Amino acid sequence: MDSRAVVPYQQPREEVKQKNLVAEDGRKRRVLQDIGNLVIDHAVHGKKPIASSVDNEVIGNVARGRRVPVPPKAAAAAIRNVFQKCEAIEIRSNGSEECQSVSRRTSRARTTRKEMKTLKPILTAVCGLSNKLKEEDLLLNIDAEDADNDLAVVEYVDDIYKFYKLTEVDGRLHDYMQLQPEINAKMRAILVVWLIEVHRKFELMPETIYLSINILDRYLSVKVVPRRELQLVGISAMLIACKYEEIRAPEVNDFVHISESAYIKEQVLAMEETILEKLDWYLTVPTPYVFLVRYVKASVPFDRELENMTFFLAELGLIQYPIVILYCPSLIAASAVYAARNTLDKRPFWTETLKHQTGYSEDALIECAKLLVKCHSTAADGKLRTVHKKFLSVDRGSVALHSPAKSPVAKSS
């Protein structure tokens with residue numbers, strides 16, 4: 001038995017004591033002080049106690065469209081909170097028999113603090129849902145498990161990615177091959193494949209290769225480069241990316257050695273300085289990688305095989321000059337997730353959660369996804385098989401062994 005002393009509420013003499021109030025429909029209702037879950041602290045200080053939870057009959061009357069007395073401030077706030085949580089749910093306005101019967105049953109029961117915390121009885125009475133929502137129609141909170149992880153910055157992550165979507169336009173590439181008399185798309189592809197191989201040999205962070213290729217493309221778009229210096233630009237771009245992303249970056253001599261001493265140390269350092277000046281030291285750019293990690297996370301439930309397949313397709317896309325030029329980084333990342341789900345037959349291929357997080361509809365991804373699937377179908381052929389071999393390894397889940405998705409990419413049914 002609770003041993004706490006309860007100070008009874010002293011009603012002023014001029015007030016008339018009432019144990020029951022008569023509602024508009026003629027039924028008797030208990031006044032709020034008779035509910036039995038009063039806030040004692042207010043009574044101790046001489047204030048009129050209020051109910052700590054909302055009378056279910058008030059909620060039932062609101063759902064049926066009846067006029068009810070204005071509740072105390074705490075109860076009114078609770079009612080507003082309930083309706084705010086029902087914004088995404090269709091509320092019946094005509095008051096069906098099912099809703100009315102639920103309201104009558106719940107009006108005779110007292111609402112406990114635990115029930116108010118879960119809000120399930122109130123939501124049932126107010127909303128009267130008749131059909132279950134399909135799982136794919138729900139917007140899932142993909143950051144729920146990271147609420148206690150300070151490094152996940154859950155409070156700011158949505159704003160960060162909105163900023164990424166805005167700033168990716170600033171670093172958007174244009175077709176620069178027409179400005180390069182000695183370089184073509186095939187030469188670029190050979191260089192990118194070699195950089196991916198160097199990246200894996202040095203065991204660098206995944207962010208590094210994406211930033212290296214971004215620096216390479218942006219420099220080539222503003223500076224004419226002779227064919228003999230193309231590899232020099234590539235290793236200098238990776239050196240800059242390593243200094244930006246890595247904790248322990250490879251030394252300049254490591255890049256000189258990996259290029260079979262085609263260039264000396266002074267040439268690498270001079271090219272590094274030239275690249276930074278041409279790019280105005282602008283290195284904090286949203287590459288496809290920053291979007292990939294977010295969109296893979298939105299592809300719930302988490303699947304390691306899907307993650308590996310997504311990065312496999314994304315790296316194949318980095319090699320292809322038309323893909324990099326035609327599509328922005330966020331769309332390439334979203335298309336890689338979409339194509340990976342097609343390849344692994346993860347249905348539905350595009351969910352409401354993915355649409356919400358990426359900002360792209362399924363129709364917007366079809367063309368880019370088709371190009372990525374085409375890259376997959378030819379990845380094992382020819383001389384540029386580095387990415388295919390990379391994702392044949394066990395540590396990558398051997399996802400390159402999967403057959404390409406049906407072409408054209410199928411839409412969700």
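Is Phe312 buried or exposed? Phe312 is buried, with 0% relative accessible area (buried means under 20%, exposed over 50%, partly exposed in between, using a 1.4 Å probe and protein chains only). Bear in mind that this is a predicted model, where local features need pLDDT of at least 70, side-chain atom pairs count only at pLDDT 80 or more, and totals for chains, interfaces and linings use all residues. Residues are numbered from 1 along each chain as its sequence is written, and side-chain values use heavy atoms, with hydrogens and water left out.

**Aromatic pairs**

- The whole structure holds 10 aromatic pairs (rings of Phe, Tyr and Trp, the last by its six-membered ring, with centres within 6.5 Å; planes under 30 degrees apart are stacked, over 60 edge-to-face, the rest tilted).
- One of them is Tyr289 with Phe311, a tilted pair at 5.9 Å centre to centre and 50 degrees between the planes.
- Tyr289 sits in helix 13 and Phe311 in helix 14 (residues 304–319), so this pair ties together parts 22 residues apart in sequence (helices are DSSP runs of H or I, at least four residues, numbered from the N terminus).
- Phe312 makes a tilted pair with Phe391, at 5.2 Å between centres and 45 degrees between planes.
- Phe312 is in helix 14 while Phe391 is in the segment after helix 19 (386–390), so here the parts tied together are 79 residues apart in sequence.
- Phe391 is buried too, at 0%.
- Tyr161, Tyr164, Phe291 and Tyr295 are linked by ring pairs into a cluster.

**Charges over rings**

- Arg396 has its charged end over the ring of Phe391, 5.3 Å from the centre (the cut-offs are NZ of Lys or CZ of Arg within 6 Å of the ring centre and within 35 degrees of the ring normal).
- Lys165 lies over the face of Tyr360, 4.8 Å from the ring centre.

**The largest pocket**

- The largest pocket has about 810 Å³ of space (a pocket is an open set of points on a 1 Å grid over the protein atoms alone, with protein on both sides within 12 Å along at least five of seven lines; points join across faces, edges and corners, and volume is the space filled by probe spheres set on them).
- Its lining has 30 residues, and Tyr161, Val290, Val293, Arg294 and Lys297 are the closest to the centre (lining means an atom within 4 Å of a point).
- Helix 13 gives the most to this lining, with 5 residues.
- By type, the lining splits into 20 nonpolar, 3 polar and 7 charged residues (nonpolar is Ala, Val, Leu, Ile, Met, Phe, Trp, Tyr, Cys and Pro; charged is Asp, Glu, Lys and Arg; the others, Gly among them, are polar).

Notes: On a 1 Å grid over the protein atoms alone, a cavity is a set of points where a 1.4 Å probe fits but cannot get out, and a pocket is an open set with protein on both sides within 12 Å along at least five of seven lines; lining residues have an atom within 4 Å of a point. Helices (H or I, at least four residues) and strands (E, at least two) are DSSP runs, numbered from the N terminus.
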